[in-house]
Amino acid sequence: MAFTRDGSRRTRVHVVSDVHGNARDLARAGEGADALLCLGDLVLFLDYHDHSRGIFPDLFGEENAHRIVELRTARRFEEAREFGARLWAGLGADRRGVIEGAVRRQYAEMFAAFPTPTYATYGNVDMPPLWPEYAGPGTTVLDGQRVEIGGWTFGFVGGGLRTPMRTPYEIDDEEYAAKIEAVGEVDVLCTHIPPEVPELVYDTAARRFERGSRALLEAIRRTRPRYSLFGHVHQPLARRMRIGATECVNVGHFAGTGKPWVLEW
C-alpha cells in the first residue's frame with residue numbers, strides 16, 4: 001500500500017502479458033500491488049528462442065520445432081502448415097484431446113499462480129472455453145467489459161485478429177471492433193494486441209509485422225484514454241509511444257523478463 005505526501009492512499013497495479021508458461025515468476029508478479037492485470041497468452045505452444053520448450057516440442061521433438069520456427073520466420077506459412085499437418089496427423093483421431101490435455105496442464109499451473117485480485121483477458125494462443133474451469137474466485141475474466149480499480153475505469157478486450165498462423169483465439173475484425181465499441185470510454189484500455197501502428201506491431205526478433213487493430217487505434221484517437229496497455233509483440237520496434245493524449249505501452253514479454261509493468265496513481 002502506498003500513500004501520497006498528504007497521506008491519501010495511492011493505487012498500484014502490476015500488468016503482465018505473454019506469460020507463456022512462466023508460472024514461477026507469475027506467482028510473484030502481484031507482490032506489492034493492489035491488483036494484477038494479465039493481458040493473455042498463458043499457454044506456451046512453442047518458444048521461438050528455446051525450441052525445447054512448449055507443447056509442440058513435447059509432442060514432436062526439438063528438431064521438428066526448430067524446423068517449423070525456421071519456416072514461419074521465413075514467412076513460408078504454407079510449407080509450415082503442411083509440415084505441421086503431417087506431424088499432427090501422426091497423433092491420430094485424438095489430436096484435439098492431446099492438445100487440450102496439454103493446455104489443461106498448463107492452465108492448472110498458471111491460474112493457481114494468480115494472486116487475488118487478478119483481472120485477466122485472453123491472448124490469441126489461449127483457449128477461452130477452458131478458462132471458467134480454472135479461474136478461481138480471486139480471478140475476474142473480462143472480454144469486451146469494464147471494471148473499476150482505485151477510481152479508474154479499465155476496459156479489457158482479448159484475443160487476436162485473423163493471421164496465417166491460425167492460432168486458437170483469432171477472430172474477425174468486425175467482432176473485435178464490436179468488443180472495442182462495447183468497452184467505450186475508459187481511463188485504461190487493456191488489450192492483448194497493439195493498435196495498428198508500424199512501430200508497435202513490428203517484431204524485431206521474428207522480423208515481421210504482427211497484426212494490430214485498426215479499430216483499437218481509432219478508439220484511442222476518439223476516446224483518449226490515459227493509457228493503452230497491450231502485449232503480443234515480444235520484441236517490438238518501439239515499446240511505448242504517445243498517440244494524442246494516450247500513452248501506449250507494450251507491457252513486455254513476461255515469459256522472458258519475469259517482471260510486471262507497474263502503473264501507479
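Is Arg 224 buried or exposed, where buried means under 20% relative accessible area, exposed over 50%, and partly exposed in between (1.4 Å probe, protein chains only)? In this predicted model, in which local features need pLDDT of at least 70, side-chain atom pairs count only at pLDDT 80 or more, and totals for chains, interfaces and linings use all residues, Arg 224 has a relative accessible area of 53% and is therefore exposed. Residues are numbered from 1 along each chain as its sequence is written, and side-chain values use heavy atoms, with hydrogens and water left out.

Arg 224 belongs to the loop between helix H9 (214-223) and strand S14 (227-230), where helices (H or I, at least four residues) and strands (E, at least two) are DSSP runs numbered from the N terminus. Although Arg 224 is not a glycine, its phi is positive, at about 55°. A positive phi also occurs at His 232, another residue other than glycine, with a value near 75°. His 232 is placed in the loop between S14 and strand S15 (240-243), and its relative accessible area of 14% makes it buried. Most residues other than glycine have a negative phi, and most peptide bonds are trans. The peptide bond from Thr 116 to Pro 117, with omega near 0°, is cis, and Pro 117 sits in the loop between helix H5 (95-113) and strand S5 (118-120).

Two packed helices are described by the angle between their axes and the distance between the axes. For helix H3 (residues 62-73) and helix H4 (residues 77-89), the axes come within 8 Å and cross at roughly 155°, the axes being lines fitted to C-alpha atoms, for helices over the stretch in contact, with angles from 0 to 180 degrees between N-to-C directions. H3 is therefore roughly antiparallel to H4, given that angles under 35 degrees count as roughly parallel, over 145 as roughly antiparallel, 65 to 115 as roughly perpendicular and the rest as oblique. On the side of H3, the contact (heavy atoms within 4.5 Å) is made by Asn 64, Arg 67, Ile 68, Leu 71 and Arg 72, and on the side of H4 by Phe 77, Glu 79, Ala 80, Phe 83, Gly 84 and Leu 87.

Val 16, which lies in strand S3 (residues 12-16), is buried at 1% relative accessibility. When residues up to four places away in sequence are not counted, Val 16 touches Leu 26, Ala 29, Leu 36, Leu 37, Cys 38, Leu 39, Val 251, Phe 254 and Pro 260. One of these contacts, Ala 29, is 13 residues from Val 16 in sequence, and the two are 8.0 Å apart in space, C-alpha to C-alpha. Thr 153, in strand S8 (residues 152-157), is likewise buried, at 18% relative accessibility. With the sequence neighbours up to four places away again left out, Thr 153 touches Arg 146, Val 147, Glu 148, Val 186, Asp 187 and Val 188.

A search of the whole structure finds 0 disulfides, a disulfide being a pair of cysteine sulfur atoms within 2.5 Å. The sulfur of Cys 38 is too far for a bond because the closest cysteine sulfur, in Cys 190, is 11 Å away. Cys 38 is buried at 0% relative accessibility, and Cys 190 is buried too, with a relative accessible area of 0%.
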